[in-house]
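Have a look at it first.

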Amino acid sequence: MESKETLREALLAARTTIDTLRTENAHAKLLLDTLETLLVADFDHDPFAEIFTSLRSVFSFTGVKVLAADESAPDSLICVAADPSELIGMRWPVGTFFARVLNGRVTAALTNEKFEEWQALDSRLLSADQPVLYLPMAVRDRRGLLMLLRDVGDEGFDRSHVALARKFSVLASAAFAALHSRQREEESQRLRQLTTKLRESERALAYRANYDELTGLPNRTMIEERVTTAIRSLPPKGHLALAFIDLDNFKRVNDFYNHSVGDGLLVAVTERIKASIRSSDVLARLGGDEFVLLITPTEQVDHIKRAVERITEQLKLPFMIEGNELFTSASIGVSIFPDHGTDYDALRRNADVAMYRSKKRASGGIAYFDATADDTSATQMQQEQRLRAAVREQRFRCAFQPKIDIRKRALVGFEALIRWIDEKGLVRPPGHFIGMASDLGLLDDITGFVLREAVAALGQFDPVFGGRTRISINIAAKQASNQAFMESFIDGIAATGHAERLMLEITEEAMIQPDPFQSEILPALRQKGISVSIDDFGTGYSSFSVLADITADELKVDRSFISAIHQRSRSQSILKAVESLGSALGLPIVAEGVETADELNFLFRETGISMVQGYHIARPMFPKDLIDHWRAHHHRLDRDLSVLSAA
Ligand code: C2E
Ligand code: MG
Ligand code: MG
């Protein structure tokens, strides 16, 4: 009987053990499943919430906390996760008790008044007679511990819980470590990708800064450098020559055929000239149909003569472009160092003057600069006098071009663009006179005029467009780094009382000057609340990395990237890189020169860019015309944009 009873008890005990094992097993499986989901999950969110949920399906508890070693304070633990979450961020001293837990020597406590640290804990979550389970665990690569709490008076955790929970804390630590290293790997992969992308675009930008995209020839920046170097390395009494080459009927070719034939002709002309020059000579394209040839070394003037004659002869032969037989010719003007100039600017200007003289005489001719010839220099002097008079009499006006936010469908600002109204009432664009004004020291006066016009325009625009728009004023690079001018200009802006409504557009080459621009001028602008835009981005020499040091309010991507953007993958990838850089720096991007619906659609759909300026939105106009135009046409634009955002 007795033995039967013992057996029954043993059986019962065995059943209980099996049951316990089964539950443990089930619990273990649950925990493992949870850990597995943790491992495969994409952790953009906080993983603790998931861990806590899985724990709740195994243990009943009323509170949970994860404390981790605090890197900034070695002797304390910081709460990195908790449910309820109010305790996150609180710190406790490690002390002797927590030190023991961290070393894995304490797992559970049913009463805790012996531990002075607890006094510091929040009494709602931990009171002296509360059952608590402590588990050492690693939170990423830091030491930490997990605490499970039951209510005051509740039962404590039993041994099977402790055993299971231990396993769990080990697994959870491993999961965190794996997650962390994977995140790190992903993060560094993303960074690597971004870096490569930026590098590629930087290379593309550096190329663009020095070479002409169509012909691959050095551009105006590069040729200046090459000529300057060539002059420096000339032997005493050495000579070199600069030939200015201009095609005679290029505009007609472009108009009569199409741009692709025009481009084809420019490429073919390049090839032909290159074939007839020596490897020491340098051919460059200044833009349009203007080329410059550096002829060096030159022992005799005779040599120069033969070289340019060969070119004019070659260019008179017919070209076959896209199945069309084309005839062209070039007018060439030549200047010689040191007789006609001792630096690049003088040589180029004089070669240009000579070219005009040759063009006036006959197509396909050659002329040498002649300082005694009374030709263009006289006209130039007249021009200069007219410009001086225009500045004196303020014969200028500002046109304004809207800048819009295509996502919010709102007009956000205007760019002020100066126009010279000449004696005949003709409107002359800034390309015709800004350079000359700068050479003559007249630009600062012109910029002062623009400021007054901008402030007056605010008065006209505000009733129509509201009082939140900004007007942008262009500042030449030379002005931006002129501290005296900028200081007085900033004071002038502040005196208008509209500093917050004005923005200065400054090109990147000025922005990257550490002194005085970044050290003095930029802080002064910030202090007065004047915003700053980086204009014509991508045309200068600055690199992405340099940009990261500048604080600006907007970055205007040059029109040359935007035009036909939907068809040009190279520009697209540069724009992508500019965009990621912009978002990393918190710098809004403006696309300038948007001329077509295709470009606008591309920007809207394929990029995150929201600010846009360009003929497709509106041309620059005088204030009253702009207001009329906007009233008449903004509905259409609004409709187009709403179609885009609906798509
Ligand atoms: P920017 O600052 O890059 O100004 C934009 C130029 O692009 C303007 O030429 C504008 O009319 C033109 N534009 C705008 N949208 C389009 C488009 O969709 N297609 C095309 N093809 N062009 C577009 P603008 O008015 O002839 O001015 C030329 C440059 O002259 C300006 O370039 C700026 O650098 C300079 N500038 C203008 N006003 C001032 C000024 O007051 N001071 C200084 N220092 N420079 C000025
Ligand atoms: Mg501008
Ligand atoms: Mg620009």
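How far is a nitrogen atom of ligand 1 from an N or O atom in the side chain of Glu595? The gap is 2.5 Å. That makes a polar contact, which is a pair of N or O atoms within 3.5 Å.

Before going on: this is a predicted model, where local features need pLDDT of at least 70, side-chain atom pairs count only at pLDDT 80 or more, and totals for chains, interfaces and linings use all residues. Residues are numbered from 1 along each chain as written, chains are lettered from A and ligands numbered from 1 in the order written, and side-chain values use heavy atoms, without hydrogens or water.

| Residue | Ligand 1 atom | Distance |
|---|---|---|
| Arg419 | oxygen | 2.7 Å |
| Asp536 | oxygen | 3.0 Å |
| Glu595 | nitrogen | 2.5 Å |

Around ligand 1 sit 22 residues, counted when a heavy atom lies within 4 Å. Strand 15 gives the largest share of that shell, four residues; strands here are DSSP runs of E, at least two residues, and helices are runs of H or I, at least four, numbered from the N terminus.

Now the sheet. Five strands form an open sheet in the order 8-9-7-12-13, with mixed pairing; two strands pair if DSSP finds at least two bridges between them. Strand 7 (240-247) and strand 12 (330-337) run antiparallel, joined by eight bridges, and Ala243 stands opposite Val334 in strand 12.

Conventions:
A polar contact is a pair of N or O atoms within 3.5 Å; within protein, one must be able to donate a hydrogen and the other to accept it, and residues adjacent in sequence count only if both atoms are side-chain atoms.
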